[in-house]
Amino acid sequence: MHDEIIRKELFRVLREKWGADFESLMAEKVVAVAGDVSVANLGIKNANLEKMWEEIDVIANFAANTNFDERYDIAMEINTMGALHVLNFAKSCRRIQVFLHLSTAYICGEPREGELIKEEPLRMGQTLNDASKVLDIYAEKTLIQKTIEQLRSQYTDNDMAITSAMKDFGIKRANLYGWPNTYVFTKAMGEMLVSNFKNEIPLVIIRPTMVTSTYKEPFPGWVEGVRTLDAVIGGYGKGKVECFLGDPQTILDVIPADMVINCMLSAMAIQSSHKYIYHVSSSLRNSLTISCVRHLSYLYFKNKPLTDYKSGKPIIISKALFLSTMAGFHAHMTTRYVLPLKVLYAVNQVFCQIFRDVYNRNDRKVKTVIRMAQLYKPYVFFKALFDDRHTEELRERSSKILKDVGFDLGFDPNSIDWRDYLLNVHFPGLVNYAINSSPRLPKY
């Protein structure tokens, strides 16, 4: 907890405010308890369990595996059954006031163009592509166990083969019921369980879209982890990404991390038994297109180029090519990479495998890029909008309550100037985290 959380730059403001008293403040306010959401009672068996049941009044479940193509068994344990285990733990807490579950807006799958995604719960057993199908979560668990047993007998002592097969199996099961990848599929099942079995527990479900660096709090530009949009931007700045995949007019629904947190705090304090699902999004009120992101990325890295760590020279980038269809993407990959690899393969056969390592390395890279493009396809061609009516009402109520004390929990996407935010906040924060080494703070 100290090394991976409290020591991070995120706590810089508190550290500066409290000075020498910072460590004692953290010791007083924060207690770490080892646990595992994939098992009952979170794996807690010691005296802490009864104490937690007696004292805890608010639970926020953030635990998730966010890999789009994680092993199906692992994603199921954490994203689906983990949500149920945390809910059951909350039911044992005698003073529980609210249980908040962090989900994702993209449990909607791949909706029709122009569709407005409502802040509504998923039905137990609901599928997205065939109303006659019924999704049985517990049958999926049984199927996972049988599949693993079969793979273990087929691939004795070959964990890599089993892992690869279980990743493919997760995608296959997700696609069968209408979801594009294992992550959103298992998160959707987790939501079903939480909504269906909440009983009398006051429930809040937060569905953010793509989360980016902080807008204001505790300071602008804090980010940790590079995924989805940021992976492309970082690769472009390094000169390793030469094209943007997606329809130029596709709206990238992104939202700064502190706005998500502020919405959570407001929703926990201002509960509604009928409106407990909140989209934290920007597409409906303040849209940002892929075309705009490409243009601003070019402006930023043109004026503030990164440095090649080998040569020490600035990395000169050009305006990225737009691949506006998957057919165009595959044609580009074939012409630029697949065909040259086939030539290398033929040469390798003639010269006794002298270029085998080069071929294998580049073949893996090409296959990885193609697989990732397929995984990200639903988001770069996403043409629906997220209704945030509940969130807007929550914003209004929160503002009225906090106005009397001169405080505001800001989570209004209308307040974001995308050009200013990307050029002066997000891109610099991303560079600081992903490309430059952030200053390390002394260990406790």
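A disulfide is a pair of cysteine sulfur atoms within 2.5 Å. In this predicted model, that rule gives a count of 0 disulfides. The sulfur of cysteine 108 lies 17 Å from the closest cysteine sulfur, which belongs to cysteine 263, and this is too far for a bond. Cysteine 263 is likewise in no disulfide, since its nearest cysteine sulfur is that of cysteine 108, 17 Å away. Cysteine 108 is buried, with a relative accessible area of 16%. Cysteine 263 is buried as well, and its relative accessible area is 0%.

The buried residues in H6 are Ile137, Glu140, Ile144, Thr147, Ile148 and Leu151. These residues cover an arc of only 105° around the axis, and therefore lie on the same side of H6. An α-helix has 3.6 residues a turn, so residues three or four places apart point the same way. On the face of H6 turned away from the buried side are the exposed residues Gln150 and Ser153.

The description now turns to the surface. Val350, Phe351, Ile354, Phe355 and Val358 make a nonpolar surface patch of about 490 Å². Of these, valine 350 belongs to helix H12, which spans residues 326-350. Valine 350 counts as exposed because its relative accessibility is 62%, and exposed means over 50%.

Methods: Residues are numbered from 1 along each chain as its sequence is written. This is a predicted model: local features need pLDDT of at least 70, side-chain atom pairs count only at pLDDT 80 or more; totals for chains, interfaces and linings use all residues. Side-chain values use heavy atoms; hydrogens and water are left out. Buried means under 20% relative accessible area, exposed over 50%, partly exposed in between (1.4 Å probe, protein chains only). Patches are made of residues with over 30% relative accessible area and no salt bridge: like charges are joined within 9 Å, nonpolar side chains (Val, Leu, Ile, Met, Phe, Trp, Tyr) within 5 Å. Accessible areas come from the Shrake-Rupley method with a 1.4 Å probe; for residues, only the protein chains shown count as cover. A salt bridge is a side-chain nitrogen of Lys or Arg within 4 Å of a carboxyl oxygen of Asp or Glu. Helices (H or I, at least four residues) and strands (E, at least two) are DSSP runs, numbered from the N terminus. The arc is that of the directions from the helix axis to the C-beta atoms.
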